[in-house]
Amino acid sequence: MKTGGVLAAFLMAATIALVVVGTLWPVPSALAYAGGEHLLQSSSTPEGAVTSLGEAIRARAWDKAYSSLANKAQFTESQFELDLTGYYPSLLTYATVDHFDVRPIHSTDSEADFQIKLYWSTVVGLSSISRDLHVTKAGGQWQVEWPIEKQPVVPPQVIPVNYLRWDVIYRGAGEDWGTQDVEAPHVRIVDMHPVQRADGVMILGELLNEDVVPAYVSVTATLLGKNQAAIATEGSADKISHLLLPKQVTPFLIQFPDRTLSGVTGIRMTPFSNLISASADPVIEIDNQHLNPAPDASLNGQLINQSGQIVNVAHVLGTFYDKSGQLVWVADRYVNTALLPQTPVPFDIRIPEDLARSVNSERTIVATYSEGGAL
């Protein structure tokens with residue numbers, strides 16, 4: 001009992017000592033996340049002001065970030081937060097900033113320009129947005145002017161609805177429609193092409209819904225070694241449009257990190273499909289597409305939501321071919337903002353520089369998600 005009392009007293013004294021040390025000499029990052037006054041960096045330099053703003057945004061300390069802005073009188077704190085996270089539910093609504101980069105552009109004794117690139121951690125990986133910031137000096141301190149983007153206003157209008165829709169009705173527990181429900185839609189892999197990249201083996205391909213009903217699809221690939229033994233199995237994950245209407249084609253990309261083709265003697269491909277309720281709405285028009293050559297090769301354009309409903313997440317998939325029609329690459333990009341009716345939203349898909357010179361044509365499709373729906 002005496003030993004236990006001594007141990008308890010020692011632990012209590014150690015705890016009090018740690019609390020005192022933490023109060024007198026707090027860790028800077030802890031101050032930042034607790035809403036500390038300076039958030040890691042002093043605003044006595046222009047880069048420090050931009051870095052402090054980035055740390056406040058990363059910590060979701062919206063009041064601290066907003067109060068530090070030089071032009072906060074032009075908009076409210078709520079508008080500032082929604083400008084970053086979205087006025088409507090979108091990819092960034094439930095995301096957090098993983099990290100950010102600050103790049104100086106120009107500076108004088110009284111003003112400076114920077115670019116800040118915020119990398120958001122989303123359910124589909126990192127997604128980035130960039131803003132060009134103007135920083136001004138006042139009274140020995142630097143403040144950032146935030147370039148708020150005005151939310152487009154969709155005018156009241158009537159949009160006629162005229163699209164195909166498929167509903168699936170399954171037999172109930174007390175009903176006897178035979179021994180089986182409706183069979184899965186017929187799907188087929190129409191192209192498959194393995195390539196070796198620096199970060200592993202990539203399986204590129206295209207999948208066709210041959211049926212007259214919509215299908216929820218996915219693809220898995222298994223690398224085979226000697227004696228047809230399985231080396232590894234991976235799925236297409238999000239590098240595919242999972243919902244295919246009748247006769248539609250989707251690209252897919254399956255990644256095998258840290259694998260090489262040298263030890264692969266074969267590849268077993270397995271497509272999967274399930275019958276699903278679906279409609280041909282919303283219709284997303286792809287406008288002003290343009291292939292930009294290397295260096296900085298990319299495919300960019302605009303998405304226009306032709307329907308009357310808000311599309312919360314848009315997933316753009318690009319399939320790239322050479323002059324002979326051979327599949328060269330599959331790339332994708334999620335759009336950060338929601339698609340409002342009749343409102344153009346830009347997209348940009350990067351193409352690896354070493355493959356860009358082989359690209360002669362492309363095909364682009366868009367998978368969409370709206371609240372209550374599915375990709």
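Predicted model: local features only at pLDDT ≥ 70, side-chain atom pairs only at ≥ 80, totals over all residues.
Colleague: How many residues lie between β1 and β2 in their hairpin?
Modeller: Strand β1 spans residues 96-107 and strand β2 spans residues 111-122. They run antiparallel and are joined by 10 bridges. Thr 96 of the pair stands opposite Ser 121 in β2. The hairpin has between its strands 3 residues.

Colleague: Why is strand β7 described as largely enclosed by the rest of the structure?
Modeller: Buried means under 20% relative accessible area. Strand β7 covers residues 200-209. It is largely enclosed because the buried residues number 10 of the 10.

Colleague: Which residue in β7 is the bridge partner of Asp 191?
Modeller: Strand β6 (residues 187-197) pairs with β7 in the antiparallel sense, over 10 bridges. A hairpin through 2 residues joins β6 to β7. The partner of Asp 191 in β7 is Glu 206.

Colleague: And in β11, which residue is the bridge partner of Leu 208?
Modeller: Strand β7 also runs antiparallel to strand β11 (residues 249-257). Here 9 bridges join the strands. In β11, Leu 208 has as its bridge partner Val 249.

Colleague: Is Ser 298 buried or exposed?
Modeller: Ser 298 is found in strand β15, residues 298-305. Beyond its neighbours within four places in sequence, its contacts include His 290, Asp 348 and Arg 350. The relative accessibility of Ser 298 is 3%, so Ser 298 counts as buried.

Colleague: What kind of aromatic pair do Trp 62 and Phe 80 make?
Modeller: The count of aromatic pairs comes to 5. For Trp 62 and Phe 80, the ring centres are 6.1 Å apart and the planes stand at 80°. Planes over 60 degrees apart count as edge-to-face. So the Trp 62 and Phe 80 pair is edge-to-face.

Colleague: How many residues apart in sequence are the parts that this pair ties together?
Modeller: Trp 62 lies in helix α4 (residues 62-67). Phe 80 lies in helix α5 (residues 77-85). So the pair ties together parts whose separation in sequence is 18 residues.

Colleague: What are the relative accessible areas of Trp 62 and Phe 80?
Modeller: Trp 62 is buried, at 7%. Phe 80 also counts as buried, and its value is 0%.

Colleague: What kind of aromatic pair do Tyr 66 and Phe 80 form?
Modeller: Their centres are 6.5 Å apart, with 40° between the planes. Tyr 66 in helix α4 and Phe 80 in helix α5 are 14 residues apart. Both residues are buried. The Tyr 66 and Phe 80 pair is tilted.

Colleague: Which residues do ring pairs link into a cluster?
Modeller: The pairs of Phe 80 with Trp 62 and with Tyr 66 were described above. The cluster is made of Trp 62, Tyr 66, Phe 75, Phe 80 and Trp 146.

Colleague: What covers the buried residues of α5?
Modeller: In α5, the buried residues are Phe 80, Asp 83, Leu 84 and Thr 85. Gly 86 follows α5, with a positive phi near 105°. The cover for the buried residues includes α3 (46-58), α4, β2 and β3 (125-138).

Colleague: Over which ring does the charged end of Arg 197 sit?
Modeller: The charged end is 5.3 Å from the centre of the ring. The ring belongs to Trp 329.

Colleague: What share of the residues in the protein chain is buried?
Modeller: The chain has 6 helices and 19 strands. It exposes about 20,600 Å², with carbon and sulfur atoms supplying 54% of that. Of the 375 residues, the buried share is 38%.

Note on methods
Residues numbered from 1 in each chain as written. Heavy atoms only, no water. Helix = DSSP H or I, 4+ residues; strand = E, 2+ residues; numbered from the N terminus. Buried < 20%, exposed > 50% of the residue type's maximum accessible area, 1.4 Å probe, protein only. Contact = heavy atoms within 4.5 Å. Phe/Tyr/Trp six-rings, centres within 6.5 Å; stacked < 30°, edge-to-face > 60°. Lys NZ or Arg CZ within 6 Å of the ring centre and 35° of its normal. Areas by Shrake-Rupley, 256 points an atom, 1.4 Å probe, with all protein chains shown as cover. Pairing = 2+ DSSP bridges.
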